[in-house]
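The sequence and the model are shown first.

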Amino acid sequence: MDPRQDRRAAHDGGLRSAVVVNPVKVADLDELHRTVHDALAAAGWPEPLWFETTVEDPGRGQTEKAVEAGVDVVFACGGDGTVMSCVSGLVGTDVALAVLPQGTGNLLAANLGLSGDLAAGLEVAVERGRRLLDVGAVEDHYFTVMAGMGFDAQMLADTSETTKKRIGWPAYVVGAAKHLRDRPMKVSIRIDDQQPIRRRARSVLIANVGRLQGGVRLLTDAEPDDGYLDVAVLTPRTLRHWLALGWAVVRRQDRVPRMEVFRGRRVEITSNRAQPRELDGDLIEPGRTLKAEIRRRALWLCVPQPAQAPDLAEDAQAAGERGEQLIDEAHSE
């Protein structure tokens, strides 16, 4: 049998989908449209709906419209901000998120073994592997990776878009270097119903999963479906402290100097002064407090589906190869 017929038979009864795309992050929108349309058509899926994000609405409203239209899958095509906005429109629904990364950070993709390759992202959705994740809730926003107050948000604020486009995630190192000697903030951290913890910290991170920009794993025990948020309190005061902390993280040591880790379902951070804040690598308004709580099993995510572990994101490279085959088949028709 023709392999294209094999593929159509395997994916008989294609799902309805929508693409929410940040046009600023895509070099050639027409090429993207053509590739996605052709690949999904080759898999037997109907033509997807298309929505472009705007400065006023970076993706949540478009995602909610897609859900109202009855789609089964939403493709988030952009950077971390686009993904986070789409997540906020999907939490609590049965509609799955598929990630087509276009930015430099792509934290969710890095943490769950998802490829930054367009072909892999399409193939992962077509194969219908799914994983039900927890998300963190901050006010009326949601995050899949982590929220933060202090140094991490300062680093993001001082990392230029131009530098990110030129050199990728190492641009964040440049932004970080500007704030290594800043004074710490006095924080009170309340976890669940426990007594507050008081520290002089440079940064406090509330994590659903454990990797930072560039794939560096900060929290080895953080899992996206364990029902808990992991809280990392970073307290370096000198350049030597920062170097020791960074070296321990890179070497994946069990104990990281100048970092304490706690766990809970609800976290409230209060600072002595307004601080930069971020969700999933995207800045939000500065403030003195950051409150987060876990939302259990709230988001369906499309993940690679290898034969040996059909519900885990462990097969991004092979999914990319299968995706390239899907696109080649589509273009040959």
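In which sense do strand S1 and S3 pair, and over how many bridges? The model is a predicted one, and in it strand S1 (residues 17-21) pairs with S3 in the parallel sense over 5 bridges. Ser 17 has Val 73 as its bridge partner in S3.

**Strand S3 and its neighbours**

S3 also pairs with strand S4 (residues 96-101), again in the parallel sense, over 6 bridges. Here the bridge partner of Phe 75 in S4 is Ala 98.

Strand S3 (residues 73-78) is mostly covered, with 6 of its 6 residues buried. In a regular strand, side chains alternate between the two faces of the sheet. In S3 both faces are covered: Val 73, Phe 75 and Cys 77 are buried on one side, and Val 74, Ala 76 and Gly 78 are buried on the other.

**Aromatic rings**

A pair of aromatic rings is described by the distance of the centres and the angle of the planes. The count for this model comes to 1 aromatic pair. The ring centres of Phe 151 and Trp 242 lie 4.5 Å apart and their planes meet at 35 degrees, so the pair is tilted. Phe 151 belongs to helix H7 (residues 151-157) and Trp 242 to helix H10 (residues 239-250); the pair thus links distant parts of the chain, 91 residues apart. Phe 151 and Trp 242 are both buried.

A further ring contact involves a charge: the charged end of Arg 265 sits over the ring of Tyr 228, at 4.2 Å from the ring centre.

Most residues other than glycine have a negative phi. Arg 128 is not a glycine, yet its phi is positive, and Glu 139 likewise has a positive phi without being a glycine. The table sets out the values and locations.

| Residue | Phi | Loop | Relative accessibility |
|---|---|---|---|
| Arg 128 | about 70 degrees | between helix H6 (118-127) and strand S5 (130-138) | 32% |
| Glu 139 | about 55 degrees | between S5 and strand S6 (141-143) | 62% |

Arg 128 is partly exposed, because its relative accessible area of 32% falls between the cut-offs of 20% and 50%. Glu 139, at 62% relative accessibility, is over 50% and therefore counts as exposed.

Key. Residues are numbered from 1 along each chain as its sequence is written. This is a predicted model: local features need pLDDT of at least 70, side-chain atom pairs count only at pLDDT 80 or more; totals for chains, interfaces and linings use all residues. Side-chain values use heavy atoms; hydrogens and water are left out. Rings of Phe, Tyr and Trp (its six-membered ring) pair if their centres lie within 6.5 Å; planes under 30 degrees apart count as stacked, over 60 as edge-to-face and the rest as tilted. Helices (H or I, at least four residues) and strands (E, at least two) are DSSP runs, numbered from the N terminus. Buried means under 20% relative accessible area, exposed over 50%, partly exposed in between (1.4 Å probe, protein chains only). A charge sits over a ring if NZ of Lys or CZ of Arg is within 6 Å of the ring centre and within 35 degrees of the ring normal. Two strands pair if DSSP finds at least two bridges between them.
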